[in-house]
Amino acid sequence: MDLRKIREMVTKDMPIDGTELDLESLKIPQLHNKYLNLYSDEKLVAKKLEFDYKALRRLKWEYYTGKLDEDKLEELEWEPFDLKIMKADLDKYLDSDSDLHSLYMKLEYQKEKIDYLENVLKSINGRQWNIRGAIEWRKFINGVGG
């Protein structure tokens, strides 16, 4: 799921209806479950992307160091890399590789979704205190309690 869609869902789900604080309080477990499931799913996607990135980085390392055999090059549809590069320069090639860069950006985007969902869960966990505070304020305004 993309971050924009997640934000739209949060915008729809998070407002508290001040006229029905009891019902809002009862919605907390469902909201928590919804976003915890989404958070868990997105974390699994990030783990897979991390694995894919590490595997691709290893392949690219083999490619740039000339250690990939002809069969693997053909399978990957990569042209042979004919330059001899020094070990100290290898990171420059890896860091500027477009395939690695693309996968890295997907991973960073995924991490951003996870961070956002983590904050949504924290906000949901704080809803009970917001609702309790609103109820206490109404009691105070109406002269109830003491």
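1. Isoleucine 141 is exposed, its relative accessible area being 52%. The cut-off for that class is over 50%, so the residue qualifies as exposed at 52%. The model is predicted, and this value is computed from it.

2. Isoleucine 141 belongs to helix α5, which covers residues 98–141. Together with Trp137 and Phe140, Ile141 makes a nonpolar surface patch of about 400 Å².

3. A charged patch is found elsewhere in the numbering: Asp69, Glu70, Asp71 and Glu74 form a negative surface patch. Of these residues, glutamate 70 is part of helix α3, residues 70–76. Glutamate 70 has a relative accessibility of 57% and therefore counts as exposed.

4. On secondary structure, the protein chain contains 5 helices and 0 strands. Read from the N terminus, the order of elements is α-α-α-α-α. Helices α3 and α5, named above, belong to this series.

5. On overall dimensions, the protein chain has a radius of gyration of 25 Å, whereas a compact globule of 146 residues would have one near 15 Å. Along the principal axes, the C-alpha atoms fill a box of roughly 85 × 30 × 20 Å.

6. On burial, 28% of the 146 residues in the protein chain are buried. Buried here means under 20% relative accessible area. Isoleucine 141, at 52%, and glutamate 70, at 57%, are both exposed.

Definitions and conventions:
Residues numbered from 1 in each chain as written. Predicted model: local features only at pLDDT ≥ 70, side-chain atom pairs only at ≥ 80, totals over all residues. Heavy atoms only, no water. Patch = residues over 30% accessible without salt bridge, like charges linked within 9 Å, V, L, I, M, F, W, Y side chains within 5 Å. Areas by Shrake-Rupley, 256 points an atom, 1.4 Å probe, with all protein chains shown as cover. Salt bridge = Lys/Arg side-chain N within 4 Å of Asp/Glu carboxyl O. Lys, Arg positive; Asp, Glu negative; His and termini not counted. Charge placed at Lys NZ, Arg CZ, Asp CG, Glu CD. Helix = DSSP H or I, 4+ residues; strand = E, 2+ residues; numbered from the N terminus. Buried < 20%, exposed > 50% of the residue type's maximum accessible area, 1.4 Å probe, protein only. Rg over C-alpha atoms; globule rule 2.2 N^0.38 Å.
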